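Morning, everyone. I have one structure to go through today, so let me put it on the screen.

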Amino acid sequence: GENAVLYLNGAKFESATNTFQINGATYTLQGVSEKNAEGKLKETSITTMDDYDGIYDTIKNFIKKYSELINEMDKLYNASSSSGYEPLLSEEKDALTDTEITDWENKIKDSILRKDSSLGSVITAMTTVMSGSVTVNGKEMYLSSFGIKTLGYFTAEENEKHAYHIDGDPDDENTSANTDVLKSMIASDPNTVKKFFEGLANNLYTAMT
C-alpha cells in the first residue's frame, strides 16, 4: 500500500504506481535496488536514446495529412465550371429521377470554391512555405534535403501536384524504390531533423495565421 519511490539524479519522486513520467521519459520500476556493503542502495545507470521510428512516423503522418489536405483544396479550386447548372425548380425536379437530381446538385456544390480567391491565397501560402527553406545551424535546408519531394508537374496525377512523397516509403508506390534519405538522417543527425521540422511547422503556422 505504499507509494513507489524513485531517486533520479539525486531528486526523489513518488508515485501511486510503479510508473513515473519525468521530463518526457517513462520509467517503470521492476523491483527494489540492491544494497551495497555499506547498506546504501546501489545506483543504476540509465541510457536514453532517440526514438528513431517515432520521429519517422511523426514526420510521415504530417506529410500524409498535409498532402491529403492540399489535394482536396486543389480539387475544389480547380473544379470544373458549373456554368449552365442553375438550382432546379420544383417542376424541373419532378421531371428528373432522384439520381439525376443528386448529380445535378452535386455539380453545383462541387464548383462552389472554383477559383475562389480566399482558397487560392491559402493554397499559395501553404505551398510557398513547404517549398521554402528553413535555416538549421546556419545552413538553409529544404524538404528535398530529407528526400521529401513532389512528383513533378508532368508525373503527378491531376490535383496532386502539390502533394509530397518520402523517398523509400514502403507505403508509397511512387517512391518506395528510392533511397531512404529521411531514415538515414534521423539515425545520423536527429537533432537537425527535429530543428528543421520544428522550423517548418512554425513557418506554416505563421503563414496560415
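How are α4 and α6 oriented to each other, roughly parallel or roughly antiparallel? Before I answer, note that this is a predicted model.

Two packed helices are described by the angle between their axes and the distance between the axes. Here, helix α4, residues 117-131, and helix α6, residues 190-208, have axes that come within 9 Å and cross at roughly 160°. Angles over 145 degrees count as roughly antiparallel, so α4 and α6 are roughly antiparallel to each other. The crossing of α4 and α6 is right-handed.

Next, the charged pairs. Side chains of opposite charge can pair when their charged atoms come close. There are five salt bridges in the structure.

Take D171 and K60, whose side chains form a salt bridge at 2.4 Å, N to O. This pair links distant parts of the chain, 111 residues apart: D171 sits in the loop between β8 and α5, and K60 in helix α1, residues 52-77. D171 is exposed, at 62% relative accessibility, while K60 is partly exposed, at 21%. Through salt bridges with shared partners, K60, D169 and D171 form one network.

K42 and E34 also meet in a salt bridge, at 3.6 Å from N to O. K42 is partly exposed, with a relative accessible area of 41%; E34 is exposed, at 56%. Then there is E14 with K12, where the closest N and O atoms are 3.7 Å apart. E14 is partly exposed, at 49%.

Last, the surface. V5, Y7, V32 and L41 make a nonpolar patch of about 420 Å². Of these, V5 lies in strand β1, residues 4-8, and counts as partly exposed at 35% relative accessibility.

Note on methods: Residues numbered from 1 in each chain as written. Predicted model: local features only at pLDDT ≥ 70, side-chain atom pairs only at ≥ 80, totals over all residues. Heavy atoms only, no water. Patch = residues over 30% accessible without salt bridge, like charges linked within 9 Å, V, L, I, M, F, W, Y side chains within 5 Å. Areas by Shrake-Rupley, 256 points an atom, 1.4 Å probe, with all protein chains shown as cover. Salt bridge = Lys/Arg side-chain N within 4 Å of Asp/Glu carboxyl O. Helix = DSSP H or I, 4+ residues; strand = E, 2+ residues; numbered from the N terminus. Buried < 20%, exposed > 50% of the residue type's maximum accessible area, 1.4 Å probe, protein only. Axes fitted to C-alpha atoms, helices over the stretch in contact; angles between N-to-C directions. Parallel < 35°, antiparallel > 145°, perpendicular 65-115°, else oblique. Left-handed = near helix turned anticlockwise from the far one by under 90°.
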